[in-house]
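Welcome, and thanks for taking a look at this structure. Please open it below, and then let us walk through it topic by topic.

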Amino acid sequence: MASVKVAVRVRPFNERERENDSQLIIQMRGNTTGILNCKANTRDESIRYKEFTFDYSYWSHDEDSENYASQEMVYHDLGTEVVECAFEGYNACVFAYGQTGSGKTFTMMGHQENQGLIPRICKALFDRMSENSKRGTTHKVQVSYLEIYQERVADLLQRHDNNSLKVRQHPTKGPYVEGLTTCLVTNYGHIQNCIDRGNALRTTASTNMNDVSSRSHAIFTITFVQAGYCDGVPSETVSKIHLVDLAGSERADSTGATGKRLKEGAYINKSLVTLGSVISKLAELSTEKK
Ligand SMILES: Nc1ncnc2c1ncn2[C@@H]1O[C@H](COP(=O)(O)OP(=O)(O)OP(=O)(O)O)[C@@H](O)[C@H]1O
Ligand SMILES: [Mg+2]
C-alpha cells in the first residue's frame, strides 16, 4: 500500500462557465491529466499542452461520458483503503486541496442524495464493525470536528463562548486541540448526526466563484479503537482517520471579494502556502531518510 496517493478530479462546468462559453482545457486518459495553456503565445503544442500522471485522474465533467467518475468510484478507489488501514491499526488522512469552487466539499462531503467520501467512509466503518463484532471484537468510535477560520480553531460539534481553542503538543500523542468536543458514536445514524451538526456550524459564504464557498479549513477526525484477543492476550488497537476539506485558494479579482470576504481570502491563501511549505519539507525529509 503506497503511503501517499494523489488524485485529481474535474467537475462539470457551473452555470457561470456555461454562460461564458468557457473552453474545456483539461483532458484525461487513464491516470494522466493533460492541460492546455490557451493563453500561451505560441502554436507549439509541446509548449501549450502538458501532461501529468497521478495515481488517479477522475473525469467527472459530464455524466454521459463512459469514463465518468462517480462519488462511488472515488470512494471505491480512495475510501475503501482508508477503512482497510483503520482496521489494520494504521492512521490515515485524506485531504481535498484546490482552487475555490473546484469541488472539494462535493468530493469530501457530497450531498444527501449523492454522498461524498466522509459519509461513505463512516458507513463502511460501521458495516465492517458489525461484521467483526460477531467474531468477538469490541469497538469504540469517537469523532471530533473542527474548523480553522482566520487562523483560529473552532469546535464544530459544540459552539463555545470563546471559539478559539488552543493547539497543544502532547509529549507522546503529538498535537491536539485543548477542550475540543469528542463524541462517542455507536452507530452510523449517530455519526451522521455529528456530521450534519458540524456542517451547519461551518463558516460558508457566497462569492462570485462559489455560492457556498467554505471559508474555513475543516478537519473531521475519527478515533477508532478495536479491542479483542491476540493469541489469548487482551489487545487494543487505536487508529485515527483525519478527513480534511480545505478552503480553496482564491484570487480577489475572480471572487469579487471585498471587506470581510477579502480578509478571509487572505487568511485562506496564507495558510495554504504554509501548508504547501510543510508538505515540501516533509517530502524532503522523507527522501533524505531513504
Ligand atoms: N464532481 C461534481 N459533480 C457535480 N457537481 C459538482 C462536482 N464537484 C463540484 N460540484 C458542484 O460545484 C460547486 C462547487 O463545489 P464545491 O463547493 O465542492 O467547491 P469547493 O472546492 O469546496 O470550493 P470552496 O473552496 O470555495 O469551498 C457545488 O455546487 C458543487 O455541487
Ligand atoms: Mg468547499
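Ligand 1 is surrounded by 19 residues, and the closest are Thr 100, Gly 101, Lys 104, Ser 213 and Ser 214; a residue is counted here if one of its heavy atoms lies within 4 Å of the molecule. This is a predicted model, in which local features need pLDDT of at least 70 and side-chain atom pairs count only at pLDDT 80 or more, while totals for chains, interfaces and linings use all residues. Residues are numbered from 1 along each chain as its sequence is written, chains are lettered from A and ligands numbered from 1 in the order in which they are written, and side-chain values use heavy atoms, with hydrogens and water left out.

**Around ligand 1**

- The shell residues divide into four nonpolar, 12 polar and three charged; Ala, Val, Leu, Ile, Met, Phe, Trp, Tyr, Cys and Pro count as nonpolar, Asp, Glu, Lys and Arg as charged, and the others, Gly among them, as polar.
- Helix H4 (104-108) and strand E15 (213-214) each supply at least two residues of this shell, and H4 gives the most, with three residues.
- Helices (H or I, at least four residues) and strands (E, at least two) are DSSP runs, numbered from the N terminus.
- An N or O atom in the side chain of Thr 100 is 2.5 Å from an oxygen atom of ligand 1, and a polar side-chain atom of Thr 105 lies 2.8 Å from an oxygen atom of ligand 1.
- From the backbone, an N or O atom of Gly 248 lies 2.9 Å from an oxygen atom of ligand 1.
- Taken alone, ligand 1 exposes 630 Å², and the protein buries 81% of that; accessible areas come from the Shrake-Rupley method with a 1.4 Å probe, and for residues only the protein chains shown count as cover.

- Not counting residues up to four places away in sequence, Leu 125 touches Val 83, Ala 86, Phe 87, Ile 222, Phe 224 and Ile 241, where contact means heavy atoms within 4.5 Å.
- In soluble globular proteins, nonpolar side chains tend to be buried together.

- Arg 48 lies in helix H2 (residues 45-48) and counts as buried because its relative accessibility is 19%; buried means under 20% relative accessible area, exposed over 50% and partly exposed in between (1.4 Å probe, protein chains only).
- His 61 is found in the loop between strand E5 (56-59) and H3, and is also buried, with a relative accessible area of 14%.
- A polar side-chain atom of His 61 lies 3.2 Å from the backbone oxygen of Arg 11.

- Arg 16 lies in helix H1 (residues 15-19) and is partly exposed, at 31% relative accessibility.
- Glu 151 sits in the loop between E9 and strand E10 (152-155), and is partly exposed at 46%.
- Asp 231, in the loop between E16 and E17, is exposed, with a relative accessible area of 79%.
- Phi is positive in Glu 151, near 65 degrees, and in Asp 231, near 50 degrees; each is a residue other than glycine.

Notes
Polar contact = N/O pair within 3.5 Å; in protein donor to acceptor, adjacent residues only side chain to side chain.
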